[in-house]
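Dear colleague,

I am passing on the structure below, and I would be grateful if you could look it over before reading my notes.

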Amino acid sequence: MSKKKIAVLTSGGDAPGMNAAVRAVVRSAIAKGMDVYGVYRGYNGLLNGDVEQMNLRSVSDIIGNGGTMLYTARSEEFKTLEGQKKAAKHCEELGISGVVVIGGDGSFAGARALTNAGINCIGVPGTIDNDIACSEYTIGFDTAMNTAIQMIDRIRDTAQSHDRCSIVEVMGRRCGDIALQVGIACGATAILVPEVGFNIETDVVERILTTKKTGKQHFIVIVAEGVGGVVDLAKYVERRLGIETRATILGHVQRGGSPTLRDRVVASLMGHKAVDLLAEGKGNRVVAMKNGQIVDFDITEALEMPRVFNEDLYNIAKTISI
Ligand code: ADP
Ligand code: F6P
């Protein structure tokens with residue numbers, strides 16, 4: 001009987017830990033007697049035939065590297081039915097019957113489309129934003145937050161020296177999880193996230209004033225990217241309160257760097273689980289973390305789940321960061 005062949009790709013925004021997931025997929029597949037292929041630059045690699053067979057040594061010494069050795073991309077062509085059929089045809093020509101897709105929910109929608117075109121796909125959540133509703137954790141989240149707090153600790157040093165307010169934007173287009181956790185970890189006087197409505201006067205200005213009255217002379221405000229407007233907010237706070245204020249957008253620094261232990265371990269477990277599912281002949285599934293365990297969900301069910309923001313944590317942050 002011919003060997004089962006599977007492939008692995010990374011798609012959408014990169015995230016620290018993606019390499020650890022690729023490594024786990026390659027080694028778990030080889031351990032199960034499968035042939036495994038690396039697909040370069042996301043779905044583009046399936047469309048262009050940019051695919052290479054991997055061996056145990058192809059993924060040596062990558063577990064601690066940021067970025068993704070398979071590169072990543074966004075592909076407009078793959079969003080079309082023709083593109084999906086072309087990608088499926090290329091898989092069939094190579095004898096590839098399953099693909100592990102490491103990425104965010106856009107990449108999962110692509111994985112569902114490719115499964116419908118005849119190639120079993122398993123999604124693995126890889127995005128720093130932690131915005132995959134079915135999973136309490138996404139690969140890259142921990143590293144991004146740790147990078148952010150290191151940067152903000154430095155910002156605090158200078159804010160403190162100058163008795164200033166610093167307003168810092170962290171990543172998270174539709175999701176305030178990075179802002180919330182980082183805000184707690186950095187003792188931010190105010191945290192603004194896209195999930196919770198806010199009023200600049202009561203949620204920023206008054207909080208700074210209350211804190212100032214108790215003796216504090218420097219302030220950190222964390223704003224999620226999905227809220228934005230940090231430059232204007234800094235001008236407003238300075239004008240309104242007469243406190244010198246600076247805005248910093250942390251940006252892509254949060255996407256790079258060597259993955260933390262948590263990202264390396266979770267990525268390894270999720271990559272391994274994805275191969276188990278393909279080995280069982282399953283497709284259209286997403287690997288996820290639930291109550292700390294690695295589980296799987298139907299892709300459509302996963303994509304339709306509403307994301308739940310942790311308002312309790314948000315309220316605790318408001319109570320203790322004052
Ligand atoms: P992420 O996976 O990080 O959410 P994107 O939303 O950019 O990133 O999606 C990555 C890629 O997945 C897209 O460039 C596209 O090729 C593919 N994709 C996204 N949405 C769909 C869709 N609805 N159908 C098919 N492919 C999709
Ligand atoms: O998905 C993570 C994320 O970092 C978002 O927070 C951000 O909006 C987006 O990716 C930016 O992606 P890029 O610069 O690659 O387009």
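The notes below take up the overall fold and then the two ligand sites.

This is a predicted model, in which local features need pLDDT of at least 70 and side-chain atom pairs count only at pLDDT 80 or more, while totals for chains, interfaces and linings use all residues. Residues are numbered from 1 along each chain as its sequence is written, chains are lettered from A and ligands numbered from 1 in the order in which they are written, and side-chain values use heavy atoms, with hydrogens and water left out.

The protein chain contains 11 helices and 11 strands (DSSP runs numbered from the N terminus, H or I of at least four residues for helices and E of at least two for strands). Its radius of gyration is 22 Å, close to the 20 Å that the globule rule gives for 322 residues, so the chain is as compact as a globular protein of that length (the radius is taken over C-alpha atoms, and the rule is 2.2 Å times the number of residues to the power 0.38). Along its principal axes, the C-alpha trace spans about 75 × 35 × 35 Å.

Around ligand 1 there are 15 residues, of which Arg 74, Ser 75, Gly 104, Gly 106 and Ser 107 come nearest (a residue counts if one of its heavy atoms lies within 4 Å). Helix H4, residues 105-116, gives the most to this shell, with 5 residues. Oxygen atoms of ligand 1 lie 2.7 Å from a polar backbone atom of Ser 75, 2.9 Å from a polar backbone atom of Gly 104 and 2.5 Å from an N or O atom in the side chain of Ser 107 (polar contacts here being pairs of N or O atoms within 3.5 Å). Taken alone, ligand 1 exposes 560 Å², and the protein buries 77% of that (areas by the Shrake-Rupley method with a 1.4 Å probe).

The surroundings of ligand 2 include Arg 74, Asp 129, Arg 173, Glu 225, His 252 and Arg 255. A polar side-chain atom of Arg 74 lies 3.2 Å from an oxygen atom of ligand 2, an N or O atom in the side chain of Arg 173 is 3.2 Å from an oxygen atom of this ligand, and for the side chain of His 252 the corresponding distance is 2.7 Å. Taken alone, ligand 2 exposes 400 Å², of which the protein buries 77%.

With kind regards

Key. Polar contact = N/O pair within 3.5 Å; in protein donor to acceptor, adjacent residues only side chain to side chain.
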